[in-house]
Amino acid sequence: MVKATGILLKKSKSSQAAFAPQDHKIFMEDAYNSAICFKLLRDLGSSDIPRVKMVTKKLNNMAKIEQNMVLETINNYFMDNLELSAKHRYRLFQVLESIILEAPEIQDDWGERCIGLALENMTKTTELEDIYQDAASNVLLAMCKHSCNLVFSKIEEDFLTGIFPHRSLLYVLGIISTNDELLTPTQRDHWQEQLIQIGARSVQFLTVDGWAKSLMLAVTRPDRTYAEQNPEKTFLFIYYGMILRAANNSSMVRKHLRSLLDTSHQSLQQREGIALTIGLTAARHLDDAWAVLDQFGRTGPLKQILNNFNIKEEEDPKWRWARSTILLSYGQMAAKAKENILPWVDNISSRMVFYFQSSYWDDTLKQSFLEAVLLLVGAISRNEGAHSYEFTQVPELINSLLVLMKKEPQDTLCTTTRQQVMCAISGLCKLRPVLDFKRKSKILFTCFQSVFKLPLVEALEKHTCLLADPPDIQKLYMDTMTTLDELLQSLITENPKPEELHCMLGHMYSWLASEKVHERQRAVRSCMVLLKFLAQKAFLDTTEEFGRIGHIVGMLGMLCQDPDKDIQQLVLEAINYLYQILLHQKGLNAPDLFRNMGQSEETCLSLSEQEPIPMPEIPLNPSSHIIKEFSRHFSLPQMKDLIQTVMDGLRGNLDFRMETAGDMLIVILEDFGPWVEKVSDISQILYCHFTSTDSVNVKKKILKAITLLSRYHTQELVNSFLNETINIWRAMGLEKLTAPKVLHVLLTKLQERPRSAEVTKTKETELYLDSLAAMNTLYEIQYCREYKEAVQNWYPQLLLGLLTQLHYIFELGLLESPKKNETSQGAEPTTSPQRTSLDSVKSLLYTSGHWKDFAQLELQGAWDLFSSFDTYNQGVTLIARAMVHNSCSQIKGLLYQTISNVEAKLERDKKVASLFFTEFLNSPVILEELPKQAILSHLHQGLADPNPSIRVISLQGLKNVIFDSEKGNLLRAQLPAFLEGFYHENEQVVIRVMSTVADVLYCLGQQGTGHQCQEIALNLRNFFDDDRDKVRASAISLFADLVISMEGKDYYTLKPQVHQSLIPLLMHLKDECPAVITKSKFTFYRCAVFLNWKLRHTLFCTLAWEEGLSARHFLFSCLMENSDEDFQIHLSQALRYLHSHHQNLKISAALFIGYIICYYPDAIFQKARDSDLALFYSTLEELKQDPEQAIRDFATKHIVFLDEVSKMMH
């Protein structure tokens, strides 16, 4: 209980002086304040906790104004109230501690009083036990801020009495020794000196049994809790180490160290304390400490549990973590031995690796190993002589650290293990010998794998939400990333070479291409920080060219269009720093590549706070801007490296990255295309990427790149893509100036034909011969609009080249496609080279606008002539003749090309050219372009050729009437006699006569038959319905020749005969003889041409390829629409065919008449006789039984329709 007199103010010297009249007012104010303070001190004994807190706050505020008054009142309160409760005194000490800590200074006299008060109470025993003593001790600790020397001296007086120190003294010394914030660096150094002196003066106590036993008992006493560090016990280990450090008796040192190691290793503080004691001892007794640890590890219980990786089999927990103690001890030895440790580093390192690898890896062992390595690295790095040593065990230490890193759980981040590993490796990388490339690669791979692959920060926080004391994941994550950055900086600092930088950033390549946004973001951030470090420090070696900078630019540039805005910002910053590094390497000023850059600190901050990053002012297409700026300073090898990197970026799983790579490649080829090397390899890589990607946009960009490459390297690309898809060829021909070059190279390739003796008849030759491949490609590109104009311009060369190729294929005997058993299972059979070559000629005619030539050849069945080498010449002749008949616009170009080919050394080229030249003699173009003398010269040259075929062809050309006009009159004079031969009884004679007339018409050429054409036509029409198939076919064929020969001459003379031939020709389209059908189609088409019908192209297609009733109706409609004035003739002719004994002709006539009934019903009844109508009826009845459903339906409907019309007419 507080005494009642305590409320009265106790007079002090200062208060007595205040009774002077002039200080009365001041005295009264001090007395009032003292009374208030006294009352507040009394209220601290209250059981009302909120009241106590409020009082404590008031006292602290009062002390800030009247420090001396409050301290005096507290001191008086202690002196006058000796019977205060322990709890009340405890609170008074808390207030006093708080006042001392917050005070800027304490007067010396009050400092001594406070120290004395603390020393007096810190050893008292109360019901509060250690709590009360610690409160008094904290007052003493607070005074260290103001009078540390006084505190040190007072403690030393009480400590070195020969009696084992009280725990409160150990508590105070423990706090002083472990709390770095309590003392300034200078004070800390002074304290360390005093500790050494205390240890030296305490050596004598080890020989006192009671004191030594008390020390060991205090050291081995179990901790209050394993989770809490005990300050007094911590100091005991320090004190013990200082004593042994100062001892001079080696055997005594070893004895005490071994006794310490034989104690329990179960608690963390015990292990760390033992290690600390051993480390401090090693400062003067390194040999003894090493010997004790070595002996302890080789004998006793520890030897039995080494290499035991199953912790459950260890029975005694006392020794479970003894290996951790040894690891920590080695670390402390290195830390405390300072400069003496360097010769021992390899030995210590090897023992640490041994104990780590031969022990069970629990969290305790891993953490102990990490701490030991960090202590070792720190000790070496602080030693200036370390650079003169080579540490052979560094690689083994790094391997063990990397194992630790790999063992960290990939989905959580709860500890600083990753940071510690990387920090340790950073220090080890600075030691000699320098790490080799393989070791550095392993370090980078492991660290990137462990850090970049961590889940998102939000996911990491979820993993720790159930922990009792979860760490600050955001801070832990950022610290981990920062440590990784420091590791990278350490590596590049040790070897500041451009190649080293490329190696480091190259290991990030797979992470920069990761499908996960946060992994890409982490990799880009690390790149940016490293490049910023190098740009700002500017210490990258400038004596070596940055050979692989193209690779770095490429892998960063491909992320410029990343959907994540943070990544975009980071990439642009990284590239900006890289640009500065490049210019620094070249000794140039380094402006920013983009404006508003250099915001890496803000960027890192925004990443940590998950805030959006403001984008800088950049071009619309940053990747293009990057390529253009960097390429200005790139050498040729650097540019090659960039191209290779960008092409590699065309494959992957990130569409935006592949598209950006495509954009970059396009920009490169636009500016750098002419200097690109190894185009063949590049083209093959591009094609592989083209076929492997599913992205349409990426495919378009690859094709664009191929377009640009073909602009400058046409021949290389043609060689590479001979057997590839048509899309590639379309890309190559996209530019107007490139398409002709592609055709030229293909034609050159087509003409590179090995001799037949050099070609082995193998499957490989059939499929892969370059000449055949060029032919296949030419066939494909004829259908591409990109080559339309080029094909027109190169038509003569293409036509002659393809026909010559067909001749070459006949020479090789490549007439059949591979057999089914030779093709792979499931693959489509390969088209034969002969068929492909012929199809190429067909498509050339058709797709290049020369469909009239194609139509004539198709309807003549000329293509069948190319199925045999024996009829090859006839086929080529018909092609040239069709061009003459249709006045082809390419005759002039072909004429000059044939003259050029005649000069060729190869017989096949001369043969094809000679055939064309001979046929062109019938064209008016030849006399317009060449004089007769030149023509005769070419023909005579052919007569001198060693090849008999060419001599025969030239001889036939000399028969042409252009060389002798009288020859035409002579031939025309023979025609009447030939016409009489049509009526000869012998079928073969008739056929030969008709063939002879055909030859005469051909020889007459442009002169024609004159007025005799009508007589010839009239006689020929009599044989259209001849019972002899060959005669009918010959007559119809000869009629076509007559019509062709008369085109453009005597139109009105032959026109009536042509009109009267249409219905017979139309009927014979369904002739029983296939030859007659073919001749009828061709003749009908030539008649339509002669009469200048409309829709001739559709008419040709119908005749050539369509069948059925719809095709017949179209032909009927063409006939009726183009022959209105001859309607009656056509009807009467059709009615006569109803009487034919040939069923096919009868049906055709019925179908035609049925068509007339539908569209011209009046005419049929006006013109037809009753017998004709009856026959028509019976024919329709027969058609009702036709196998074809359409015909049956037609007959049924028309019978009904005819009955209705008949009723209407009558």
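Before the helix pairs, one definition: axes are lines fitted to C-alpha atoms, for helices over the stretch in contact, and angles run from 0 to 180 degrees between N-to-C directions. Keep that in mind for what follows. And note that this is a predicted model.

First pair. Helix 31 covers residues 636–648, and helix 33 covers residues 679–692. Their axes come within 10 Å and cross at roughly 20°. Angles under 35 degrees count as roughly parallel, so helix 31 is roughly parallel to helix 33. The crossing of these two, helix 31 and helix 33, is left-handed. Who touches whom? From helix 31 we have Ile643, Gln644, Met647 and Asp648. They meet Ile682, Ile685, Leu686 and His689 of helix 33. Sort that contact by class and you get five nonpolar residues, two polar and one charged.

Now the overall chain. What does the secondary structure consist of? The protein chain has 63 helices and zero strands. It runs to 1210 residues, and 55% of them are buried. Take the contacts with a separation of 6 or more: 74% of these join residues 24 or more positions apart.

Second pair. Helix 16 is residues 322–337; helix 17 is residues 345–357. They pack at about 160°, axes 10 Å apart. The cut-off for roughly antiparallel is over 145 degrees, so helix 16 is roughly antiparallel to helix 17. Helix 16 and helix 17 make a left-handed crossing. On the helix 16 side, look at Arg323, Ile326, Leu327 and Tyr330. Facing them in helix 17 are Ile348, Arg351, Met352 and Tyr355. The classes here: six nonpolar, no polar, two charged.

Third pair. Helix 23 spans residues 473–494, and helix 24 spans residues 498–506. Their axes come within 9 Å and cross at roughly 155°. Roughly parallel or roughly antiparallel? Helix 23 and helix 24 are therefore roughly antiparallel to each other. Which hand does the crossing of helix 23 and helix 24 have? Right-handed. Helix 23 brings Leu488, Leu491 and Ile492 to the contact. Helix 24 brings Glu500, Leu501 and Met504. That contact divides into five nonpolar residues, no polar and one charged.

To recap the directions. Helix 31 and helix 33 are roughly parallel. Helix 16 and helix 17 are roughly antiparallel. Helix 23 and helix 24 are roughly antiparallel too.

Technical notes:
Residues numbered from 1 in each chain as written. Predicted model: local features only at pLDDT ≥ 70, side-chain atom pairs only at ≥ 80, totals over all residues. Heavy atoms only, no water. Helix = DSSP H or I, 4+ residues; strand = E, 2+ residues; numbered from the N terminus. Buried < 20%, exposed > 50% of the residue type's maximum accessible area, 1.4 Å probe, protein only. Contact = heavy atoms within 4.5 Å. Parallel < 35°, antiparallel > 145°, perpendicular 65-115°, else oblique. Left-handed = near helix turned anticlockwise from the far one by under 90°. Nonpolar A, V, L, I, M, F, W, Y, C, P; charged D, E, K, R; others polar.
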